[in-house]
2 protein chains.
Amino acid sequence: MWHETKASIILSVQFPIIQAGMAGGVTTPELVAAVSNAGALGMIGAGYMTADALKSAIQAVKAGTNKPFGVNLFVPEIPKVKDGELQRANELLDPVREKLGMEKVHMKPAVDVSVFFEQVEIVIRYQVPVCSFTFGIPPESVIKKLKARGTILIGTATTVEEAILNEKSGMDLVVAQGSEAGGHRGSFEGDFAHAMIGTMALVPQVADAVSIPVIAAGGIMDGRGILSSLILGAEAVQMGTAFLTTAESGAHALHKKAVLSATEDRTVVTSTFSGKPARGIENGFIREMTEYEKELPPYPIQNILTQEIRKTAAKQGNADYLAMWSGQNPRLSRELPADELVHRLAGEVDVLIGRIKEK
Amino acid sequence: MWHETKASIILSVQFPIIQAGMAGGVTTPELVAAVSNAGALGMIGAGYMTADALKSAIQAVKAGTNKPFGVNLFVPEIPKVKDGELQRANELLDPVREKLGMEKVHMKPAVDVSVFFEQVEIVIRYQVPVCSFTFGIPPESVIKKLKARGTILIGTATTVEEAILNEKSGMDLVVAQGSEAGGHRGSFEGDFAHAMIGTMALVPQVADAVSIPVIAAGGIMDGRGILSSLILGAEAVQMGTAFLTTAESGAHALHKKAVLSATEDRTVVTSTFSGKPARGIENGFIREMTEYEKELPPYPIQNILTQEIRKTAAKQGNADYLAMWSGQNPRLSRELPADELVHRLAGEVDVLIGRIKEK
C-alpha cells in the first residue's frame, strides 16, 4: 500500500495527505472534519485566531469527526517598528482606504505574543492530536509541554538548514515548503529570497539531511504531485491550494473563483499584504503597493494595518483588495467537496502505481 | 521498461535523459559522446559557437559515438541599446576590470544574427539528429528546413503559453524549464519573473496543455528526480548541473568545485553577467553588480561586455568573477565520469520502481 508511510503511521491517518492549515477563515470546521473523515489529515489554520475562537473551532471539528486532525499555529515574532515607519505605512494605505470608501483611521497595531501561548494551552486542553508550526520554532518549553501530552509536532522549513533546526528542536515531522507554495513563506532563517527553493530540489535535499519524516509542500495538486513527492523522498504531502477551492473551504467566493480561473504565471510573492512574503494572485493592491514594498513595516504590523481593508473588500466583493493566496499550480484546482477530493487524489495515485506495475 | 517513453522512442535513445546543451565550453565532445554512448542524449551547447567551432565539435562527437546526439542553439535577438547605456555599462565594469588588472577597454558590441543561420546550416549539413532551441522560437523557414531533413526539434518553455507556442511552431518535443534550473532562463514571452514556475507545478500544467512530449528540467539530479518527473507527466528529463561536474565536462575546475560544495540556498537568478536572467552561484561579481541590474544593457550586449572579464578570471583562477551556473539542487551533485553517471541514474530509477512494485 503506497499510502502506508512513516508519516501516515505517526499521524494515524489512512492517506499521507495533510490539508494545510490555511489561516484567515479558510479552514472551516466542516473542511477539517471532512478531510479527516476522508482519511487525510484536516488542519485548523489557527494563526490569526483568538484562544476562544480556536476552542470553538476544535469543538466543532470534534463534533464532525473522531479521526485525527491538527492545528497550525504561527510562532510569534515581535518586530521593531519606528513611529515614522508606521505613519508612512498608514499614509500609503490611505488611497486604498479612500477607494473602498473607508475612514482613514490610522492604526497603531499592538503585537500580543500571549495569544500564541493561549493557543498552545487550548491545543493541550482539548487534546488536539497534531500541532504544526509556521514562521519559526516555538520555545523549548512549549515543545516539551506538547510532547509530554503526546501531541505530534510538525515544523516548517524552506531550506535544509531550517529543516535541521526543526529536527534538533524535537519536531516529529517537518514540512519542506517549496517555492511553488501558496500563502506565506515559512522562512525563518536568513533572507527569504535565498529560501525560494523549488519543491523538486528542496524535498530530496531535505530528505537526505534529516531523519524525521519529510512532508512535501508546494505545487502539489493531484495524484501526480503526491506520488512524485513520495518518490522524491517525502513521507507525506501538504496541500493548501487544492483544498482552498473545495465546497467546505471558507475562502471568499471571489478568491475561489480567482484560483479556479488562474494560470501558473499569475501569482507573485508579495509582502504588501502582511509584511511577510506570501504567494498569491496578483491584483490591484499588489500592483499599487509593490513599489513601496521595502518601506512597509514587518509582519504582523502590516497585516494588522491591512486587515480592515481586506475585510471591507470582502464585503464589497472587490477582488482587487483581497489577499488571494495561491500556489503556482492553479490550473489543476478543482471545485469539489473535500472528501471527494481526497478520494480522487488517492485514486489517482492508485492509477499511477498501477501503470508503473504494468510496465 | 520505464525508460521506453514517447520521448526516448522519438529520440532513439535507451534512456529518456538529455544532457542539457550548456554553452560556454561545458559540453566538450568527450562529454557529449560519453553521454550518448551511455544511452542518454548528449547535446552540444552551441549557443556561443561560431559555425566553424560547431562544425569541429560535431565532427569530434561523431568520431566518439555513432549514437544520436543533439545541438542546442540560441534563437537570436537584436536588442536596442542607447549609446549612453553602453557607456554606463562599460563604466560599471571598470572597477572589476581594474581588480583583475585588465585594460579598461570600452567595447561596442555588435550583434551578428547571421551566426545563428550559419549554425543551422551546419546542423543540416552534418545531419545532426536532434536540434534544440532556447530563448525563443526560430523563424518558420528554419523550422521547415530542419524538419524537411528529418531533424528532431526541441523547444524550450518556462510557461504553459510558451509551451503551446512551441507546439504550434512545429517542435517535436518541448522542455518545461522549472525555476530550479541552472543557467539562463528560456523565457521569451512576457517578463521572466512571472515565468519562475517550479518544476513540480510547471510540468503537469504543461503536460496537460500540449500533445507533444514534455521534457522536464530544473532541479533534477538523480533517480528520484527522473522518476518523479515522469510521474508528473514528462516523457523525458533534461539535466544540466548533474552533468556539469562530470569528468568530461569542460566547466572550469573552480566552477565544478563551487557546485560540488554549494548548498541549495547559495544560487541566485541574476542578469548581471549576460543581460538575461540566469541561475548561478552567488559570487563577488553578482554581489557588486546587482544594485545596477536594471541599468545593464540586455542580452547579448552585457554578455559580450563581460566576456573578457570572465575569461581573465578563469585564467587567474578567480571564482568571484566567473559565471558559475547551477541549479537549486547542488547538494546532489556528483564527481563521476559521464557514462557512470548515466548508468547510476538509470539504476536509481530501477531501484525506486522495484520498491513501488514490492509495496
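Buried here means under 20% relative accessible area, exposed over 50%, and partly exposed in between, with a 1.4 Å probe and protein chains only. The model is predicted, so that local features need pLDDT of at least 70 and side-chain atom pairs count only at pLDDT 80 or more, while totals for chains, interfaces and linings use all residues. Residues are numbered from 1 along each chain as its sequence is written, chains are lettered from A and ligands numbered from 1 in the order in which they are written, and side-chain values use heavy atoms, with hydrogens and water left out.

**View 1. The stacked pair of Phe273(A) and Phe285(A)**. Over all chains the structure holds 18 aromatic pairs (rings of Phe, Tyr and Trp, the last by its six-membered ring, with centres within 6.5 Å; planes under 30 degrees apart are stacked, over 60 edge-to-face, the rest tilted). In the pair of Phe273(A) and Phe285(A), the centres are 4.5 Å apart and the planes lie at 20°. Phe273(A) belongs to the loop between β10 (267–270) and β11 (278–281) of chain A, and Phe285(A), twelve residues away, to helix α12 (residues 284–289); helices (H or I, at least four residues) and strands (E, at least two) are DSSP runs numbered from the N terminus. Phe273(A) counts as buried because its relative accessibility is 2%, and Phe285(A) is buried at 0%.

**View 2. The aromatic cluster containing Phe135(A)**. Tyr48(A), Phe74(A), Phe135(A) and Tyr299(A) make up one cluster. Over the ring of Phe135(A) sits the charged end of Lys276(A), 4.2 Å from the ring centre (NZ of Lys or CZ of Arg within 6 Å of the centre and within 35 degrees of the ring normal). In chain B, the charged end of Lys276(B) sits over the ring of Phe135(B), 4.2 Å from its centre.

View 3. Ala236(A) is buried, its relative accessible area being 0%. Beyond neighbours within four places in sequence, its contacts (heavy atoms within 4.5 Å) include Ala7(A), Pro16(A) and Leu230(A).

**View 4. The interface of chain B and chain A**. Contacts join 44 residues of chain B to 44 residues of chain A. About 3,600 Å² is buried between the chains, 59% of it on carbon and sulfur atoms (accessible area, 1.4 Å probe, lost on putting the two parts together, summed over both). His194(B), Met200(B) and Ile231(B) lose the most area in chain B, together 20% of what that side buries.

**View 5. The salt bridge of Asp208(B) and Arg224(A)**. The closest N and O atoms of this bridge are 2.9 Å apart (a side-chain nitrogen of Lys or Arg within 4 Å of a carboxyl oxygen of Asp or Glu). The count between the two chains is two salt bridges.
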